[in-house]
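Dear colleague,

I am passing on the structure we spoke about, together with some notes on its sheet and a few of its helices. Please read the notes alongside the coordinates.

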Amino acid sequence: MTGPIAVTGATGFLGGHICDALLEQGLDVRAVVRDPNKGAHLTALHIPMATADLADADALLIGLKGCSALVANAALGSWAGPIDRYMAVNVHGTARLLRAAAQAGVPRVVLISTVAVYRTRLNSWMDENAALHGPKRRYFLASNLTTDWRYALSKSLAEAQAWDLARELGLQLTVLRPGPIFGPRDPKLTQRYGRLMGQRRCLVPTVGVPQLAALDCARAVPGALATPQSIGRAYNLAGPPTTMVDVLRTLTALTGAGPQLVPVPVPLWVGYRTDRARDELGFISRPLDETLAEVVAAGLG
């Protein structure tokens, strides 16, 4: 890598951890962000920031000039507005970003996609060849119970489009598909842990969800950049199916306090095979007690 690695969405939860993982490997990073005022974590790490919105092709081109690779991480998450907004950001914005990368002479791209691109099957291990969501809204998917259909549809369209643009523009593309993530600085799932830990009693379904520490997910990015074999391939990044009962019991053991748990038996789980990422990218999902200990040390809630 002769130039820095550009990371979009670097002020966000996963984006910040991607920057951490790249720095761990001694790589130079440039954060391409909408609002540098939200980049306190980046400033503390002395990461330079370029200001660019996914809607602004000229600013993206300037932000990417001189970079060796792009981590296309910026996107809207679940429940962030109407479908038109998802299309504008996740689909059209991603296309604009990849075209800017090609114009800026940045050949190497790692796209952060999601396991939401799959047609989720319950109680079944899904690998990278599992059936994908497709270009239209699907009303009867198991993932619709927990994932915003707008997010799933837009990310599915964005990924399909990225593969097409990679072929058209000559980009060396790798796609990473993370499952649900948690960890320090998380404004969503980890904060939910904190709210539940503050209750006296919790009714908790025993559904198994493939939860993954954000840093474990992020460490697959430098693994992909260092592995030519990853070009043209997609990789699942997920933890083992884990129930909220497991999470809360582990947090109680780590903190010495927690709610009284009332498990509600629901014999369902979702699982993703991660053999390819383990073997080719060095991906590891660390044990739950180790990753939750990091959450406790950083402050839960």
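The notes below begin with the conventions, then turn to the sheet and to one helix.

This is a predicted model, in which local features need pLDDT of at least 70 and side-chain atom pairs count only at pLDDT 80 or more, while totals for chains, interfaces and linings use all residues. Residues are numbered from 1 along each chain as its sequence is written, and side-chain values use heavy atoms, with hydrogens and water left out.

Helices (H or I, at least four residues) and strands (E, at least two) are DSSP runs numbered from the N terminus, and two strands pair if DSSP finds at least two bridges between them. Seven strands form an open sheet in the order S3-S2-S1-S4-S5-S7-S12, with parallel pairing; its edge strands, S3 (49–51) and S12 (234–237), each pair on one side only. Strand S5 (residues 108–112) pairs with strand S7 (residues 172–178) over five bridges in the parallel sense, and Val-110 stands opposite Thr-174 in S7.

Just after H9, Gly-256 takes a positive phi of about 80°.

Best regards
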